[in-house]
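Hi everyone, thanks for making time for this. I'd like to walk you through one structure, slowly and step by step. Please have a look at it first.

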Amino acid sequence: MNTIASVNVIFERREDGGLSVSSPDVAGFILSHWDADLVLADIQPALETFLSERRSHKVTVRPLKSIREVLVEGGIIGESDESFAPLIHAHEKRQLVVCAA
């Protein structure tokens with residue numbers, strides 16, 4: 001039987017223009033890098049690995065909407081690597097759907 005749950009993920013701009021990601025729902029889950037694209041690419045596989053190990057079975061993670069699209073629309077990151085000027089320093093909460101099989 002599959003279980004569907006949502007996981008809140010917090011995106012925060014770093015002082016150096018990079019991006020950090022954490023989750024109040026997944027203790028110890030933190031990603032951070034000066035290259036926001038690398039962080040965005042790592043969120044789904046990192047959460048899958050982290051949650052699969054904790055639950056002792058395969059967990060599949062799917063975003064409700066393109067994470068990059070949401071962050072660009074919200075002004076958290078720019079359209080490309082070259083436009084990573086500090087746009088905002090506030091926390092932005094976004095949700096990912098976690099399907100535990």
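If you read along the sequence, the pattern goes β-β-β-α-β-α-β. The protein has 101 residues, and 37% of them are buried. Its accessible surface is about 5,800 Å², and carbon and sulfur atoms account for 54% of that. Here is another way to look at the fold: take the contacts between residues at least 6 apart in sequence, and 50% of those join residues at least 24 apart.

Strand E1 covers residues 3-13, and strand E2 covers residues 19-22. In which sense do E1 and E2 pair? They are antiparallel, with four bridges between them. To find one on your screen, look for Ile-10, whose bridge partner in E2 is Ser-22.

Is Ser-20 buried or exposed? Its relative accessibility is 17%, and the cut-off for buried is under 20%, so Ser-20 counts as buried. Who are its contacts? Leaving out residues up to four places away in sequence, Ser-20 touches Ile-10, Phe-11, Glu-12, Arg-14, Leu-31 and Ser-32.

You'll find Asp-35 in the loop between strand E3 (30-33) and helix H1 (36-55). With a relative accessibility of 12%, Asp-35 is under the 20% cut-off and therefore counts as buried.

On to the charged pairs. How many salt bridges does a search of the whole structure find? The answer is two. In one of them, the side chains of Arg-14 and Asp-16 meet, with 2.4 Å from N to O. Arg-14 is partly exposed, at 22% relative accessible area, and Asp-16 is partly exposed too, at 49%.

The other salt bridge joins Lys-58 and Glu-48, and here the closest N and O atoms are 3.9 Å apart. This pair links distant parts of the chain, 10 residues apart: Lys-58 is in the loop between H1 and strand E4 (59-63), while Glu-48 is in helix H1. Lys-58 is exposed, with a relative accessible area of 52%, whereas Glu-48 is buried, at 14%.

Last topic: how confident is the prediction? The mean pLDDT is 75, and 70% of the residues reach 70 or more. Where is confidence lowest, and where is it highest? It is lowest in strand E5 (residues 92-100), with a mean of 52, and highest in E3, with 94. Over residues 81-91 the pLDDT falls below 50, and in the model this stretch has 27 contacts beyond near neighbours in sequence. Where pLDDT is low, the predicted coordinates should not be read in detail.

Notes: Residues are numbered from 1 along each chain as its sequence is written. This is a predicted model: local features need pLDDT of at least 70, side-chain atom pairs count only at pLDDT 80 or more; totals for chains, interfaces and linings use all residues. Side-chain values use heavy atoms; hydrogens and water are left out. Helices (H or I, at least four residues) and strands (E, at least two) are DSSP runs, numbered from the N terminus. Buried means under 20% relative accessible area, exposed over 50%, partly exposed in between (1.4 Å probe, protein chains only). Contact means heavy atoms within 4.5 Å. Accessible areas come from the Shrake-Rupley method with a 1.4 Å probe; for residues, only the protein chains shown count as cover. Two strands pair if DSSP finds at least two bridges between them. A salt bridge is a side-chain nitrogen of Lys or Arg within 4 Å of a carboxyl oxygen of Asp or Glu. pLDDT is the predictor's confidence in each residue, from 0 to 100.
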